[in-house]
Amino acid sequence: MATIVHPAAAPQTLATRLRKLHYLLVSLAVIVLDQWTKWLVEVHLPHHSSQPVIPGFFNLTHVRNTGVAFGLFASDGGGGGSWLLTLLGLGALVAVGLYFWYTPSRDRVLLAALALVVGGAVGNLIDRVSSGAVTDFLDVFVGIHHWPSFNVADSAISVGIVLMAIDSFRPRHAQEPSREEPREAAVATASE
């Protein structure tokens with residue numbers, strides 16, 4: 001008697017999971033761009049100074065963020081909060097990494113979104129571990145109303161979360177196994 005396994009429930013092979021690693025090039029690109037832009041700001045823009053790019057809308061502003069994204073929960077400079085945020089960031093990174101590892105390779109939008117989140121998380125963790133604070137420099141505002149300063153890593157995390165939200169509305173229906181998932185995984189062998 002043959003047992004049929006739904007294609008979406010078919011287990012991923014190690015080879016299938018390894019093929020997803022090219023999405024991590026997105027993560028690497030985010031990390032490199034994030035660290036390079038932060039370095040440029042730290043070298044060329046004095047701390048707490050601003051350089052208008054689009055007057056009345058966008059400045060480059062060099063600030064150090066001891067809190068989480070967009071300056072939330074910033075501390076007064078004590079070291080305890082920074083280590084707690086670092087540990088929380090590492091925990092979140094592990095959770096997103098596991099989610100990435102177990103996401104089917106056919107979910108390309110979700111994999112790209114997770115890769116953006118991983119790249120952004122690593123970019124900010126590098127700063128937090130190396131200096132206890134994250135360099136933020138993108139300052140968007142209208143009149144006196146400012147969005148909290150942010151950086152490339154924060155942007156990648158935000159875009160990744162939006163893509164994950166959009167992907168969550170995508171209908172999940174029966175799909176044929178993709179080229180990279182062997183057809184044998186869709187149909188189990190006859191049981192004895």
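These legends walk you through several close-up views of a predicted model. Residues are numbered from 1 along each chain as its sequence is written, and side-chain values use heavy atoms, leaving out hydrogens and water. In this predicted model, local features need pLDDT of at least 70 and side-chain atom pairs count only at pLDDT 80 or more, while totals for chains, interfaces and linings use all residues.

**View A. Helix α2 crosses helix α4.**
Here you meet helix α2 (residues 24-44) and helix α4 (residues 108-131), whose axes come within 8 Å and cross at roughly 35 degrees. Helices are DSSP runs of H or I with at least four residues, strands are E runs of at least two, and both are numbered from the N terminus. Axes are lines fitted to C-alpha atoms, for helices over the stretch in contact, with angles from 0 to 180 degrees between N-to-C directions. The crossing is right-handed, meaning that the near helix is turned clockwise from the far one by less than a right angle.

**View B. The residues where α2 meets α4.**
On the α2 side, look for V26, S27, V30, I31, D34, Q35 and K38. Their partners in α4 include A115, L116, V118, G119 and D127; contact means heavy atoms within 4.5 Å. The residues of this contact divide into 8 nonpolar, 6 polar and 3 charged. Ala, Val, Leu, Ile, Met, Phe, Trp, Tyr, Cys and Pro count as nonpolar, Asp, Glu, Lys and Arg as charged, and the others, Gly among them, as polar.

A salt bridge is a side-chain nitrogen of Lys or Arg within 4 Å of a carboxyl oxygen of Asp or Glu. D34 is buried at 0% relative accessible area, and K38 is buried at 1%. Buried means under 20%, exposed over 50% and partly exposed in between (1.4 Å probe, protein chains only). D34, K38 and D127 are linked in a salt-bridge network.

**View D. E42 pairs with R64.**
The closest N and O atoms of this salt bridge are 3.6 Å apart. The pair links distant parts of the chain, with E42 in helix α2 and R64 in strand β2 (residues 58-65). E42 is partly exposed at 39%, and R64 is partly exposed at 30%.

**View E. D167 pairs with R170.**
D167 lies in helix α5 (residues 152-168) and is buried at 5%. Its salt bridge with R170 has closest N and O atoms 3.1 Å apart.
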